[in-house]
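Student: I would like to learn how to read the features of a protein model, one at a time. Could you take me through the one shown here?

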Amino acid sequence: MSETKTLTPKDFKSDQEVRWCAGCGDHAVLSSVHRAMAELGYAKENYVVISGIGCSSRFPYYMNTYAFHSIHGRAAPIASGVKTANPELSVWVVTGDGDSMAIGGNHFIHVLRRNIDLNIILLNNQIYGLTKGQYSPTSKLGQITKTSPYGTIEPPFHPCELVIGAQGKFFARSIDNNVKLTTEILLEAEKHKGTSLVEVLQNCVIYNDKTFGYLTDREHKKDRQIVLRHGEPMIFGKDMDKGIVLDGLKLKVVKLGEDGLTEKDVLVHDAFEPNPIIHLLLGNMNYPNFPIALGVIRSVKADTYEVNLDKQIAEVKAASPIKTINDLLLSGNIWKV
Amino acid sequence: MTNKKDTVTELEEVVIRFSGDSGDGMQLTGSLFSDTSALLGNDLVTFPDYPAEIRAPQGTVGGVSGFQVHFGRAQVNTPGDYADVLVAMNPAALKANTKWAKQGGTIIIDIDSFTEKNLERAGCTKDPLSQLGFNDFNIIKAPITTLTRESLKGLNLDAKSILRSKNMFALGMVYWLFHRPLEFTQKFLEDKFKKIPIVVEANKIVLKAGYYYAETIEALHPSYSVAPAKIEAGTYRNINGNTATAWGLIAASEKAKLPLFLGSYPITPASEILHELSKRRDLGVKTFQAEDEIAGICTAIGASFAGHLAVTTTSGPGLSLKTEATGLAVITELPLVIINVQRGGPSTGLPTKTEQSDLLQALYGRHGESPLVVLAASSPSDCFKYAFEASKIALEHMTPVILLTDGFLANGSEPWRIPDMDKFPAIKAPIVKEGTEDYQPYQRLDKSMVRGWAVPGTKGLEHRIGGLEKMAITGSVSYVPENHEVMTYEREEKINRVADVIPDLEVLGDKDGELLMIGWGGTYGHLYTAYRELKKEGVNLSFVHFNYIKPLPKNAHDILKRFKKLLVCELNTGQFANYLRMKFQDLSFQQYNKIQGLPFTVIELKEKIISVLEEK
């Protein structure tokens, strides 16, 4: 892919007026994507952004790249077709919790299993926004919405669990208001070869306002978030005095300095470990007993679909006497009259 | 076939139906006989007729698998209505197929299989043999199982494998009956089982045993021969509809100089196209076996956006699942070939049987005003031509095209004169080149109203497309009421203008007169044969067959209006007839319909035509 270092985030903005609600978390994510793409330095024409349906899926119209706003739930297969056809392109999918985990659930698991080199940004606001406030597959149990006036009775999906269950090799999490972290993660996602799933916790200011308020609250956020980075110990808190340790088969939050615990007792993040058990435990950490894990939780190298396909084509081509349609037509049992 | 005392009797044409349990290898047996006959220069058409279950309960009527081949020294266009020779490997096969045996024909049965248990499995209250009049048929009761076992005594082969080769005994008998050499089949066996030499040997021994048995027994009538057909000079091969479809797509990809991408999900009877294209990595074909029908078409739409010749293949229920995404291809005006191998419906219906009942789904089965091109192939081998044509129209007119084939064409095979690829036209997709200034995604380029195709990776042409209504010319999102109307008409008119490039409809027979028989798609062989035979008998009849359904050929109305009676024959309740009624409201159409999961027979078509002609 040709690299041109001269582009700025502005170059990736389209001329269309951004029509998300004021205060919507999507604005910040858009900004992160513009920044990441400028930072990556690929030529504009080599980016393709594909979305399905939902608030988040309006994304392509605000990108000055090749982009495709498709139909509900189907961004993953459309992107799979683009990438399989032309592996040289940098292909991004923007989706939401309804789009990817309800109507597009089947595609979601299969794109991960195939490990096609796509960057999937999952904007998770735990609600249907565009259809005006119905519960989604990630809405909290008991959540009151237009379709659950007495509270939902369905347990929610946790994207990290689904990703790992589908043999996903890359999972990261950010939060909409942290543009810097989102940008950093998106760069990692693009560098990772294979399907990179980036969950962005995103506030819906109209239908699910402050659903992540406990996490963004200025006073407590450092105690309620932990940014994981490969090779670094899992320490967090306002005073950087809390750590995460493995206690039997469970994780535990400990206070450093108490019971003789030091930094050395704390888990060191290994995003590259193929065994997903710890990644699953980290991804599932939840308020109020744990901090929410942000950053790249899992990043494991594996073959990608489109590379293996091209490899197989090259091998079969080299070994086959059939080079053209004419060769094919004249192969096997033929006879002259 | 008539009984003659000569040692070898020359025949014009013969129909053979092989039938047995679905595990008896009847499809292979039939294919081998067909291949040998084709190599000897006969013209032929085949028709496999098998149950949906891979292994239905053994010995039951539901589990009977049949393969019919019609071969002759003159042109053959159908697999034949009734069989001159019926091979029935068990009572169920005999029970299921007696109605397809021609009076006076030969029936070969494996008498060893007529046990009480098998008769019971077949649900025969009486022995079906006793119900066949001996004067009506020449019945050969061959102890096939016993003789197969006997002939393999010397080999160290397990009982199951021994029984599996009894189809070769039947094939050997039929080869003798029609003076066919064994060598092609022997060669096939050597290739097919080259890793298990004992199986090659066993099959060859049994094949010969059957051949010699037929020669030896006195009960068998003198053998018959069918001379080679007088067919156009050229290089030939056997081909079935699904393979021809797959190859037509490859040919189009070569002529368009664009890579071929197939996104598909397995479904009977279309899976073979996916199988064939999956083999063609050597020609750079990318096949993507998707998680479902929707992903099948969506990956194809993605590949189309990325600049490939993109295809999705399916059958009726799958076409239903693809409808929403088809609408996306319509509004984004991306080239896409959708192949629907029709089967009996609705729902799972008759998955292995043929029908033409998806016509209206192809034409109208989408939300919104959603026009696209619909074509239909009419013989196994011309699936090649129409797959090529579907690709050409899709690419040159930037539109989805639905190509309708059906189970009969897909599985049926015929000898095919291999076309000269140099005579096929180049395909010129409107790909926009780098450096083009002021690219507008929905600017109409010329009279065809096609838009330019700017492929990701091309510098300076970055643009957005999607499912929301677009502003004319710029393609940006537009909710302007008048614009939606403009765009709706533009999309419709663009499809209508495909009529400028398709061939005129041709009439067989007089250009005006009493009766015009009208057909479309996979019924061509039967309709044509009925037409040809009636003409020979001096009946005043003309015939047109449609391959271009939407848009219709420009001269369609001119042709139809010159006849007093118009008879539309199709394998549904009258979908094409109703389409024509809507298009040509000044004309009046009669219908002849069949909805049995089976092709027409020539006999029933001829009877219908005569009766329509006799009506005042």
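Student: How many salt bridges does the count come to over all chains?

Tutor: Side chains of opposite charge can pair when their charged atoms come close. A salt bridge is counted here when a side-chain nitrogen of Lys or Arg lies within 4 Å of a carboxyl oxygen of Asp or Glu, and by this rule the count comes to 36 salt bridges over all chains. Before we go on, note that this is a predicted model, in which local features need pLDDT of at least 70 and side-chain atom pairs count only at pLDDT 80 or more, while totals for chains, interfaces and linings use all residues. Residues are numbered from 1 along each chain as its sequence is written, chains are lettered from A and ligands numbered from 1 in the order in which they are written, and side-chain values use heavy atoms, with hydrogens and water left out.

Student: Which residues are linked with B:R280 and B:D282 in a network of salt bridges?

Tutor: The network links B:E276, B:K279, B:R280 and B:D282. Within it, the side chains of B:R280 and B:D282 meet at 3.1 Å, N to O, and both of these residues are buried, where buried means under 20% relative accessible area, exposed means over 50%, and partly exposed lies in between (1.4 Å probe, protein chains only).

Student: How far apart in helix α16 of chain B are B:E396 and B:K392?

Tutor: They are four residues apart in α16 (residues 382-397), which means that about one helical turn separates them; helices (H or I, at least four residues) and strands (E, at least two) are DSSP runs, numbered from the N terminus. The side chains of B:E396 and B:K392 form a salt bridge at 3.1 Å, N to O, and B:K392 is buried, with a relative accessible area of 18%. Another salt bridge joins the side chains of B:K606 and B:E537 at 3.0 Å, N to O. This pair links distant parts of the chain, since B:K606 belongs to helix α22 (residues 602-614) of chain B and B:E537 to the loop between α19 (524-536) and β19 (542-546) of chain B, 69 residues apart.

Student: What is the order of the strands in the open sheet of seven strands in chain B?

Tutor: The order is β11-β10-β12-β13-β15-β14-β20, with mixed pairing, and two strands are said to pair if DSSP finds at least two bridges between them. At the edges stand β11 (286-289) and β20 (548-550) of chain B, each with a single partner strand, so one side of each is left without a neighbour in the sheet. Neighbouring strands of this sheet are turned by 20° against each other on average, direction ignored; axes are lines fitted to C-alpha atoms, for helices over the stretch in contact, and angles run from 0 to 180 degrees between N-to-C directions. Inside the sheet, β13(B) and β15 (residues 400-406) of chain B run parallel and are joined by seven bridges, with B:I339 opposite B:L403 in β15(B). Helix α12 (residues 293-305) of chain B packs on the sheet, touching β10, β11, β12 (309-314) and β13 of chain B, and its direction makes about 170° with that of β12(B); contact means heavy atoms within 4.5 Å.

Student: How many of the five residues of strand β16 of chain B are buried?

Tutor: Four of the five residues of β16 (residues 413-417) are buried, so this strand is largely enclosed by the rest of the structure. Strand β9 (residues 235-240) of chain B pairs with β16(B) in the antiparallel sense over five bridges, and B:N238 has B:P415 as its bridge partner in β16(B).

Student: Where in the backbone are there cis peptide bonds?

Tutor: Most residues other than glycine have a negative phi, and most peptide bonds are trans. Here a cis peptide bond joins B:T268 and B:P269, with omega about 0°, and another joins B:G345 and B:P346, with omega about 5°. B:P269 is in the loop between β10 (260-264) and α11 (271-279) of chain B.

Student: Is B:E333, with its positive phi, buried or exposed?

Tutor: B:E333 has a phi of about 50° although it is not a glycine, and it is buried, with a relative accessible area of 1%. A:K132 also has a positive phi, near 75°, but this residue counts as partly exposed at 46% relative accessibility.
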